[in-house]
Amino acid sequence: MSPIPKETLEAYLDDALSDAETAEVERSLRDSDPMRKQLQSLMRSRDRGEHSVGAIWRRHRLSCPSREQVGSYLLGAMEADAHDYVQFHVETVGCSACLANLADLESQRAEEPAQAKTRRKRYYDSTAGLLRPARNA
Ligand SMILES: [Zn+2]
């Protein structure tokens with residue numbers, strides 16, 4: 001993939017690109033660590049008012065990973081690059097939509113082991129109930 005010129009990144013931050021161009025920049029950001037670093041430093045250099053990191057990424061909801069991706073991130077089951085991207089998106093940018101997704105998935109995951117334990121116990125009880133009379137006989 002051809003590198004995205006700095007001017008294009010500037011235009012991206014200014015919301016001055018077409019949808020297709022924006023999608024291309026987003027794709028590069030997902031795939032390239034140097035690109036993300038470049039964008040990050042660009043953001044930092046102009047981090048004020050409507051150009052604050054949060055404001056920009058709120059406008060670019062496009063760049064949000066899917067819920068499945070957030071789930072994979074939570075499980076540590078992502079490619080390193082994709083993991084970095086989600087980490088950047090969630091921790092550096094602090095995207096509230098994805099943080100909410102993450103918290104939701106985390107609480108779901110916390111419930112799962114408890115449910116599994118209940119299921120195992122129920123299975124054990126029914127098995128013990130079946131075996132006991134046999135052993136006492
Ligand atoms: Zn997001």
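This is a predicted model: local features need pLDDT of at least 70, side-chain atom pairs count only at pLDDT 80 or more; totals for chains, interfaces and linings use all residues.
User: Which residues on the other side of H5 are exposed?
Analyst: Glu68 and Leu75 are exposed there. Residues are numbered from 1 along each chain as its sequence is written.

User: And which ones are buried in H5?
Analyst: Gln69, Val70 and Tyr73 are the buried residues of H5. Looking down the helix axis, they fall within an arc of 100°, so they line one face of H5. The arc is taken over the directions from the helix axis to the C-beta atoms.

User: What comes just after H5?
Analyst: Gly76, with a positive phi of about 65°.

User: Which residues form the largest nonpolar core?
Analyst: That core has 8 residues: Val70, Tyr73, Tyr85, Val86, Val90, Val93, Cys95 and Cys98. A nonpolar core is a set of buried Ala, Val, Leu, Ile, Met, Phe, Trp, Tyr and Cys residues joined through C-beta atoms within 7 Å.

User: Which helices supply at least two residues of it?
Analyst: H5 (67-75) and H6 (80-92) each do. H6 gives the largest share, 3 residues.

User: Which other core lies apart from it?
Analyst: One of 5 residues, including Ile4, Tyr12, Val25 and Leu29.

User: Back to Val90. What does it touch?
Analyst: Leaving out residues up to four places away in sequence, Val90 touches Cys95, Cys98, Leu99 and Leu102. Contact here means C-beta atoms, placed from the backbone, within 7 Å.

User: Zooming out, how many helices and strands are there in the protein chain?
Analyst: 7 helices and 0 strands, which reads α-α-α-α-α-α-α along the sequence. Both are DSSP runs numbered from the N terminus: H or I of at least four residues for helices, E of at least two for strands.

User: How much of the chain is buried?
Analyst: Buried residues are 15% of the 137 residues. Of the contacts with a separation of 6 or more, 62% are between residues 24 or more positions apart.

User: New topic, Lys6. Why does it count as exposed?
Analyst: Lys6 counts as exposed because it has 11 C-beta neighbours inside 10 Å. Lys6 is in H1 (residues 6-13).

User: How far is Lys6 from Met35?
Analyst: Their C-alpha atoms are separated by 9.6 Å, with the two residues 29 apart along the chain.

Terms used:
A residue is buried if 20 or more other C-beta atoms lie within 10 Å of its own, exposed if 12 or fewer, and partly exposed in between; C-beta atoms are placed from the backbone. Two residues are in contact if their C-beta atoms, placed from the backbone, lie within 7 Å.
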